[in-house]
Amino acid sequence: MSAKIDLDNVSCDFGSFRAVDNANVSIEPGEFFSFLGPSGCGKTTILRMISGFINPTEGAIRIGGKDMRGQRPNQRPTALIFQNLALFPLMPIWENISFGLEVRGVDKVTRRKKAEELLELVDLKGAADKMVSQLSGGQKQRVAIARALAVEPSVMLLDEPLSALDLKLRQHMRAELRAIQKRTGVTFIYITHDQGEALAMSDRVGVMSQGRIQQIANPRDIYNAPINGFVAGFVGENNIFDGKAAAISGGMAGFETAYGTLRARINDDAKDKALRLYVRPEHTLLSATKAAENSIPVTVSEVSFEGAFISVLCHSDDGKLIVAELRNDGSATVPDIGTKLHASFDAARAALLPDANVRG
Amino acid sequence: MNDLIRRYGVTITALMCLLVAFWLVMLVVVPNITLFEQSFRPYLPVVEVGGPKDFYSFGNYAKVFDGSIERTFFGYAYTIPVHVMTFGLTIWYSIVVTVACFLLAYPLAFFMAKIANPKSLPTLLLLLFIPLWVSEVLRAFAWWIILAFKGPLNALLLAIGAIEAPVRWIVDYDGVVIGLTYTYVLFMLFPIYNAISSLDTNQIEAADDLGASWWRIHMRIVLPHAKPGIASGCVMVFMLSAGSLLVPSILGSTTSQWFTQTIDQWFKDALDWNTASAYAFILLLLCTVFVSIALKVFKVKLSDIAK
Ligand SMILES: Nc1ncnc2c1ncn2[C@@H]1O[C@H](COP(=O)(O)OP(=O)(O)O)[C@@H](O)[C@H]1O
Ligand SMILES: [Mg+2]
């Protein structure tokens, strides 16, 4: 069971402060959709509007085509998993999980059976009679998911559910959550400030900044074709160049910078805005000889070994930091500090982007 | 202790300990032990104190069983010693006061902890505290005036048409219950308020999100969480009510008698300190037993209350 969710021009004000500004998004049934953005950008507010704890100041939220205005949280087909889980510490695990059924007047035997089933689904067999305080962080996480699934929601709303877990467990739970979502077919709306999490788990990601949705796309497009500087910067590292666009043709443009004219991709609708050139470190190449285009002479100032890759920090003649990442697969020779090299990049891998889409 | 010495030096630490010890021993332990000892000795003229008639017995305690009266309870007639009845009524109306305080304090505490705007909370607390600046005697008299047959409460209720004829408020134990409830409701409010404040609002919202009704949210989430606070409020209100002398004296009617008033009469009218002490210890002991049983029944641990 799953439902489509539409946000039409949804805004939310707290007093004179606009926490969410004109959000428009259609989330497909059965989709795993993430809202990604820094803390305070309005993610939780969007989730609380969908679940019904706050009403949008403007705009409409529809679930399964039905306008949700005036519907209390308990009347909506949604289940919210809170940032701090909000499990009931005074009830044993099985009562926690079956609380939603208890509320609906389901008898105790059925409730218990359903709780055991759900515990099996989230890989927690045998925990039914434990108390919340006896579980580890990851196990609590699973109980929270089971409790939400018990009421058979069409939409699960998850507010940074993994943020309290340590790295290893977080990575494990990512796969787990994704698997549970696939198994149940429920629409998941997932909130996170961790770009790795959003990119790894989601069918689509909505990147937010200061209450505005900047871009909605699948994870690859978010990373490879960010729509603006904010998105490019939030989901990964960049070498950024200031300059002025000229000679635009066929989706490519020349960009006049202190290092000569560089070439990069450009979106038609970005033409008239103030632009900067963004290129990812892993697309920045280092060579002893000057490249045909987009080549900048640099001096290696630091080499840092990161495991899967090696990060080479260089400085141009006027002191600008340019970072190149080499894959640690034995193919690249790691330059010595002080070596004079040429940094370059493929024009198709670089983009001219405007800054974030923010208010005034 | 070492910490205290390091911080304040030996002299001040010693002084502090001495003062506390003095307070505990001279003002709490010694008077109580003296009264306890006296309660087992008969009330005698001064010349006979220490004489052959002055020996330990439970005679003073047994006096509660003296002097029976006839009563009916739902048509069933029985005789009961006057003082036992007074004691029973004191316990019963103290329970009534406790329940009344709870019914008033719980919604208010919930409102303050979870609904009221945190900015207006200091004002609210101030409003609650202002009456405490006035002495208990004055407050009891104020209620006596308010509840008087031709007093402002009746005038108001008549004016708005809520009643057709003035009501006698200070009959039987009614005035006492109203007065005690008013006097001790804050002792119920604050423990419950503290308990509810410590409840994570997300838990209420989670229950709401799962479809729980307002009633069930309170029964399953808020009340269980607030239970230690409620218990400590109830213990305080019950003990204070059962031990109160002032309010029953001022707001009592001709037919109301509080056990403390009986004790007071032994002290002041009969000048029999021995029997008075015995009665006081009966009250203390039985109230403690009663509270312990109540805590057992409601499955509250003493350590939870202390929190
Ligand atoms: N109830 C509220 N009253 C006033 N401001 C709020 C309230 N809730 C959130 N905000 C503000 O709205 C902004 C967005 O908050 P939130 O949605 O919680 O962000 P996120 O979840 O992305 O970290 C923040 O600046 C926050 O301070
Ligand atoms: Mg948040």
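Predicted model: local features only at pLDDT ≥ 70, side-chain atom pairs only at ≥ 80, totals over all residues.
Colleague: What is the volume of the largest pocket, and which residues are closest to its centre?

Modeller: A pocket is an open set of points on a 1 Å grid where a 1.4 Å probe fits, with protein on both sides within 12 Å along at least five of seven lines, and lining residues have an atom within 4 Å of a point. Here the volume, the space filled by probe spheres set on the points, is about 590 Å³. Of the 19 lining residues, Ile230(B), Ala231(B), Cys234(B), Ala294(B) and Phe298(B) are the closest to the centre.

Colleague: Which element gives the largest share of that lining?

Modeller: Helices are DSSP runs of H or I with at least four residues, and strands are E runs of at least two. Helix 9 of chain B gives the largest share, nine residues, and the elements that give two or more are helix 3 (82-115), helix 9 (214-242) and helix 12 (273-297) of chain B.

Colleague: How many helices and strands are in chain A, and what share of its residues is buried?

Modeller: Chain A has nine helices and 21 strands, and 51% of its 360 residues are buried, meaning under 20% relative accessible area with a 1.4 Å probe.

Terms used:
Residues numbered from 1 in each chain as written. Chains lettered and ligands numbered in written order. Heavy atoms only, no water. Buried < 20%, exposed > 50% of the residue type's maximum accessible area, 1.4 Å probe, protein only.
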